Amino acid sequence: MIRAGLLIVLLAIAAALIGPALSPYDPSAQELSRRLEGPTLAHPFGLDELGRDILARILAGARISLLVGLAVVSVSSTMGMLLGSIAGYFGGRVDDVVSRVIDVLMAFPGILLAIALVAVLGPSLTNVVLALSVIGWVGYARLVRGQALRAREFDFVQAARALGAGSGRIILRHVLPTAMPAVVVQATLGMAGAIIAEAALSFLGLGVQPPTPSWGTMLDAGRSHLFDAPHLTIFPGLSIALLVLGFNFLGDGLRDRVDPKLASH
Amino acid sequence: MLRYLLRRLVLTIPVLLGVATLVFALIHLVPGDPVQSMLGESASQEEVEQLRHALGLDRPLLVQYQSFLAGLVRGDLGRSFRFGTPVAEEIRSRLFRTIQLALAAMLVALLIAIPLGIVAAVNRGTAVDHAAMTAALVGISMPNFWLGPLLAILFAVHLGWLPVAGTGTIWHLVLPAATLGAALAAILARMTRASLLEELRELYVLAARARGASRVRAIVRHAFRNSLIPVVTIVGLQFGAVLTGTIITETIFAWPGVGRLLIQAINFRDYPLVQGCILFISFTYVMMNLLTDLTYGLLDPRIRYD
């Protein structure tokens, strides 16, 4: 499972990096006279509502999806690890404040808060990353807080403290490394979550704006052509599902390695 | 039990207050002037001031906040800028459709997940198990905004069996419910399998077999019933995901519920209505989680609250 996931993810990264250079078509070049044309040898995924090559747009869209995933995971994991470790290590008031903020943010189901934030901030790629990071850090913070609570009682942490190490050093060098395997698993699954959330927001018209190629926006455009051009819906959706499946396979596999007890289930 | 109930209720209040505060702050996060943004660039200064006054946005922030919370306690979510009607009324008129869709989706999910989970657990480690669990992982990875149109292409466009959108008959509910329920079905199937495997290791299952119960009877009558406890909990906890899922599903199938209302409100920049829908969905989610927590003890007599 982990190998299949890794293969899908690596293929997607390769497609995003070198795909647009290999494709003979410009993802924004329009050929209106051939709009909605189905798959052919020259255009394996067909043409869209403006006569643009769907494969070229999917390859360009892969960059957006991976970029959003990477940005959201980087920002939210850094923020979550920082706040979670501080809350867990110091406890007391700091922990109370961070925990209450986590409770409130967790009270919003799924991407509802992201929808709300993008609705008021305006649809754009930057706002999508911002909104998804605002909800994303909570998961990491909860995870790291729990680990930090346990780690501060470990002998090696007490020893470091006795040797005069400062709190910052203890958190960075001793507490955070104990949480890293779980954070890596969370980040891998978080990539899947961010990619799907970006596509969902773009599908609702709240994310990446046309003409920038995004898989969610492409699916949204396909909705008006379910009867006459289903290929507009099939290929972008397949790309999202495959990439998300790849990250889920990878995350599940990594989780089984990190915590072998789960593998038996 | 009563003490636990009261404690849980008291602990929920600050969360609800935090949610309400965040939703209140939303309109103030709009870049520039939210009133100008609602009316558009062509609106005159007089119109802008009029609407600002009508929405109460010309008052000091603290007064606005107090009045927002006071309104909330009375069930007053303000007035929709687009429809000119109370926000609560707009939500109420669409509530039935959203609940209908959410319940139908949960039913679809259970009908798929439980047999799939049982078959996988009973055939653990075999090709059947791997196929069932791969199907579940595919289900989790398949976004509903893709599954919905795919089901519509197959069952409405090609086969012509079902209507593609709208409401009216029970058949209109099938595609939206299947779309919304698929991801939940995948999660529940994995949960049913894991939970049943756990129960099958218990001694009482072995005892039932030793007393002469057939394998099927030992599974269905003994292990399965106990394995349902975590499954029911997940159904409750996943209600939030289903509720959020209605936003996309209702948009795809033009289903006139609260989720579609939210997207329409965003498109119209009707911020009071956006705030109302967000508040309604998140409050429902918090209360459903609370209810799940409380009913957990009723399902499993081994759980004590003191």
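User: Why is A:Val101 called partly exposed?

Analyst: In this predicted model, A:Val101 has 17 C-beta neighbours inside 10 Å. A residue is buried if 20 or more other C-beta atoms lie within 10 Å of its own, exposed if 12 or fewer, and partly exposed in between, with C-beta atoms placed from the backbone. The 17 neighbours therefore make A:Val101 partly exposed. A:Val101 is found in helix H3 (residues 92-106) of chain A; helices here are DSSP runs (H or I, at least four residues), numbered from the N terminus.

User: What should I know about the numbering and the model?

Analyst: Residues are numbered from 1 along each chain as its sequence is written, while chains are lettered from A and ligands numbered from 1 in the order in which they are written. Because the model is predicted, local features need pLDDT of at least 70 and side-chain atom pairs count only at pLDDT 80 or more, but totals for chains, interfaces and linings use all residues.

User: What makes H5(B) and H11(B) roughly perpendicular?

Analyst: The axes of H5 (residues 87-122) and H11 (residues 239-252) of chain B cross at roughly 110 degrees and come within 10 Å. Axes are lines fitted to C-alpha atoms, for helices over the stretch in contact, and angles run from 0 to 180 degrees between N-to-C directions. Angles under 35 degrees count as roughly parallel, over 145 as roughly antiparallel, 65 to 115 as roughly perpendicular and the rest as oblique. The pair is therefore roughly perpendicular. Among the residues making the contact are B:Leu101 of H5(B) and B:Leu243 of H11(B).

User: Which residues does B:Cys277 touch?

Analyst: Leaving out residues up to four places away in sequence, B:Cys277 touches B:Ile91, B:Val258, B:Leu261, B:Leu262 and B:Ala265. Contact means that C-beta atoms, placed from the backbone, lie within 7 Å.

User: How many residues of chain B are in contact with chain A?

Analyst: There are 40, and they meet 35 residues of chain A.

How values were computed: Helices (H or I, at least four residues) and strands (E, at least two) are DSSP runs, numbered from the N terminus. Two residues are in contact if their C-beta atoms, placed from the backbone, lie within 7 Å.
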